[in-house]
Number of protein chains: 2
Amino acid sequence: MKIAVLGTGPVGQSVAARLDELGHEVTVGTRDVEATMARIEPDSFGRPPFAEWAGQHPGISVASVAEAAAAAELVINATNGAGSTTTLEAAGEKNLAGKVLVDIANPLDFSQGMPPSLFVSNTDSLGEQIQRRFPEVKVVKALNTMNAYLMVDPKQLAGGDHTVFVSGDDGDAKAQVTELLQSFGWSDIIDLGDITTARGTETYLPLWARIWGATQNPVFNLRVVR
Amino acid sequence: MKIAVLGTGPVGQSVAARLDELGHEVTVGTRDVEATMARIEPDSFGRPPFAEWAGQHPGISVASVAEAAAAAELVINATNGAGSTTTLEAAGEKNLAGKVLVDIANPLDFSQGMPPSLFVSNTDSLGEQIQRRFPEVKVVKALNTMNAYLMVDPKQLAGGDHTVFVSGDDGDAKAQVTELLQSFGWSDIIDLGDITTARGTETYLPLWARIWGATQNPVFNLRVVR
């Protein structure tokens, strides 16, 4: 499948690399290709610049978000939450229309320091904001409840015996995303319901951040024991 | 131990019955003893009136919240979140001072229908509000992330192989609550940190409600797989 991964951070890199490994035709979309490829400094977390990662993944293309979205059959929003709407607008409503958008972003607000709070929560969610702004897109919220490395390789932890959630208004889109998740190694996939249920998974992030703080290890996930 | 359980709903009843069974001297506190005992109708969920439950538990006393708190060594807030502060004020600051308060309440707002939203969240929490209002009390948030029946008998599900969280500023108080949780059957107890971490467990409730909606079974809990 032709897949556009919007976002060049750790989530975008993990997801793109895994999709490439699984044989998909992957393009990473970024708002300014030239600027992204020209960065030579490590980022603020000390991770190597994107161009270095891209050089190690010759099978993955890099393009503007609009070009990536236009060519794709399925689009993945792996941007940071604060920039998601702007990036999707740059990708272009008509390039996204009718397509499945897997929304991994979380509305994290780092302005008050760590752990982050949320810039939308409780009675609304980023997933819903995106769905309202792009009514022709089939938004499926998924994978936003764990570390980037676990998202694409759940079996590295307890043989994959833990849970991932999907939320979205379109049943066929959720079925397609569920298949994609299964190809990553997920087996316990809970369909929470329509896109308003993204409020549930997004407002879990404050607990996620504190479990990380308490356990000092980001490679954990929830299992819904039932 | 002399324990006051404030609240006569399902959480108060479950916790009081379990503590009684474990040999503690339990008093259920209610704001108006006469009115509570005089109710003969089932509640809005069809549950039998409190007096009937009390009659089946002759070892458990019923008293005003102030009397219950005054006599207790440890106090449990099992009121609904919207009424917690008022009930604790009725219990009396001096009756609570210096004591451990296990806060199980969640700031659920049912005014917009189901599933509920939260009346405080994200940058504050009910646990913190209670701690600020009663600075002499040692507030420990715990047990607010699962069904009332699971709270006091975790082993009924998967042999107890799932997780409970504690949050609070006082280490000794958390150690005491941890022991109490162990006596209920809990083995995976994660100390999230100070009382601000109650934001994490309280804002999990929107996800809890939607997992319940999706699975149609309230007897589930999270295991933090790590």
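The legends below describe close-up views of a predicted model. In this predicted model, local features need pLDDT of at least 70, side-chain atom pairs count only at pLDDT 80 or more, and totals for chains, interfaces and linings use all residues. Residues are numbered from 1 along each chain as its sequence is written, chains are lettered from A and ligands numbered from 1 in the order in which they are written, and side-chain values use heavy atoms, with hydrogens and water left out.

**View 1. The contact between chain A and chain B.** Each side is counted by contact (heavy atoms within 4.5 Å): 34 residues come from chain A and 34 residues from chain B. The two chains bury about 2,700 Å² between them, 68% of it on carbon and sulfur atoms. Buried area is the accessible area (1.4 Å probe) that two parts lose on being put together, summed over both. In chain A, the residues that lose the most area to chain B are Leu207(A), Arg210(A) and Val225(A), together 24% of what that side buries.

**View 2. Polar groups and elements at the interface.** Six residue pairs are in polar contact across the interface, both residues at pLDDT 80 or more. A polar contact is a pair of N or O atoms within 3.5 Å; within protein, one must be able to donate a hydrogen and the other to accept it, and residues adjacent in sequence count only if both atoms are side-chain atoms. Elements that give two or more residues to the chain A side include strand E10 (188-193) and helix H11 (205-215). The largest share, six residues, comes from H11(A). Helices (H or I, at least four residues) and strands (E, at least two) are DSSP runs, numbered from the N terminus.

View 3. E11(A) is joined by five bridges to strand E11 (residues 221-225) of chain B, and the two run antiparallel. Strands pair if DSSP finds at least two bridges between them. Val224(A) has Leu222(B) as its bridge partner in E11(B).

**View 4. The open sheet of chain A.** Eight strands with mixed pairing follow the order E3-E2-E1-E4-E5-E8-E9-E10. Strand E3 (61-64) and E10 of chain A are the edge strands, each pairing on one side only. Between strand E9 (residues 163-168) of chain A and E10(A), which run parallel, there are five bridges; Val164(A) stands opposite Ile189(A).

**View 5. A helix on the sheet.** Helix H7 (residues 126-133) of chain A lies across E4, strand E5 (100-103) and strand E8 (138-142) of chain A, at about 170 degrees to E8(A). Axes are lines fitted to C-alpha atoms, for helices over the stretch in contact, and angles run from 0 to 180 degrees between N-to-C directions.
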